[in-house]
Amino acid sequence: MKKTLIAVAALTAAAGAFAQSTVTLFGVLDTSVAHISSGSSKVTGLSNGGLSSSRLGFRGTEDLGGGLAAGFWLEGGLAVDNGNSSGYAFERRSTVSLSSNTFGELRLGRDKVPAYLNIETFDPFGDTGVGGVNGSNLVGSASGAVGTAEGSGPKRASNGINYLLPAKLGGFYGQVQYAFGEQVDTPAITNESLRDSAGFRIGYAAGALNVALGYGQVRGGTTTADVDYRATNIGASYNFGFVKPMVLIATERGNGRKVELYEVGATVPVGVGEIRAAYSMYKRKDISDADSNRFALGYGYNLSKRTQLYATVARVDNDDRANRGLTVSSSSLASPTIAAGRNVTGYEFGVRHSF
């Protein structure tokens, strides 16, 4: 009887170990006073996500035993400037996954596009706020790149199947993604791949070096006429300790339009803070006299590991046929009208707190 009780206890403990799970509530609250002007058009107000996009999320894992784990991630954006949460959804990420240290991770749902990870990784401002490089959808947004779900080179894709390489590969990392446009296939539809997308990212990170190549393709157009949009980029950084320089080269093409992006930047630790700087060039290859140059400079001061005060200033110089601007992440602060050939300046002062 005693041996039976010991065996039952051992089995119960083993079952509990295999079923261990963790659930975490996390988020970022980031808001700033922002100002953007272009000629006589200007706007000043409270912005949301000047350093990091404000968000609220839940994530968790369950140990399935044998090195296998199940996981989920639900994350949605927040509007800290006005508290408007009526449209709250898990639009930033909503995935369920199975992962193994040996075989990697299979992830299903809405997630970032692999090529976009290079944009935010190798931009000193993380592609947010007035300092952000604005490196996605260079050819057009969902309205400009007709037929696409979220533009010519989107940040995220829904209905996706993702495979990520295991972490222990001698510094190599990678991801492959295919996202279904879920177009109903009928005899009248010849573009049955409308809104489908695919992409990959392959990189190497070891010590101070990080370098990665990304590619993405999105099918747009109409149900009877297809238009493919292709985005390619490569980024690299090297952390010397006293400075971390980085470079990003990106290109998008589709529907007779082509845009190239070149950025050099750096982050410099200063005491308990960090200086951020970037210079970017945007080249329109399909028409002349439509290029833009952008310079951004910022500083962040860490009050703690989770709270930072920051300030950023940026300027865009447009050619006569260009009207590129700066971005603020706000549901209520409208961007000023930018006429072709007009220059744009902007700044923001804010605070970010993560939990």
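How far apart are the mean positions of the 33 positive and 29 negative charges of the chain? They lie 6 Å apart, with Lys and Arg counted as positive, Asp and Glu as negative, and His and the chain ends not counted; each charge is placed at NZ of Lys, CZ of Arg, CG of Asp or CD of Glu.

The model is predicted: local features need pLDDT of at least 70, side-chain atom pairs count only at pLDDT 80 or more, and totals for chains, interfaces and linings use all residues. Residues are numbered from 1 along each chain as its sequence is written, and side-chain values use heavy atoms, without hydrogens and water.

**View 1. Helix α2 covers residues 114-121.** The chain holds two helices and 17 strands, which are DSSP runs numbered from the N terminus (helices H or I, at least four residues; strands E, at least two). Seven of the eight residues of α2 are buried (under 20% relative accessible area, 1.4 Å probe, protein chains only). Among them are Tyr116, Leu117 and Ile119.

**View 2. Strands pack against the buried residues of α2.** These strands include β6 (104-112), β8 (172-179) and β12 (244-254). Across the chain, 43% of the 355 residues are buried.

**View 3. Residues 1-18 have pLDDT under 50.** The score is the predictor's confidence in each residue, from 0 to 100. For this segment the model has five contacts beyond four places in sequence, a contact being heavy atoms within 4.5 Å. Where pLDDT is low, the predicted coordinates should not be read in detail. The chain has a mean pLDDT of 92, and 93% of its residues reach 70 or more.

Terms used
Buried < 20%, exposed > 50% of the residue type's maximum accessible area, 1.4 Å probe, protein only.
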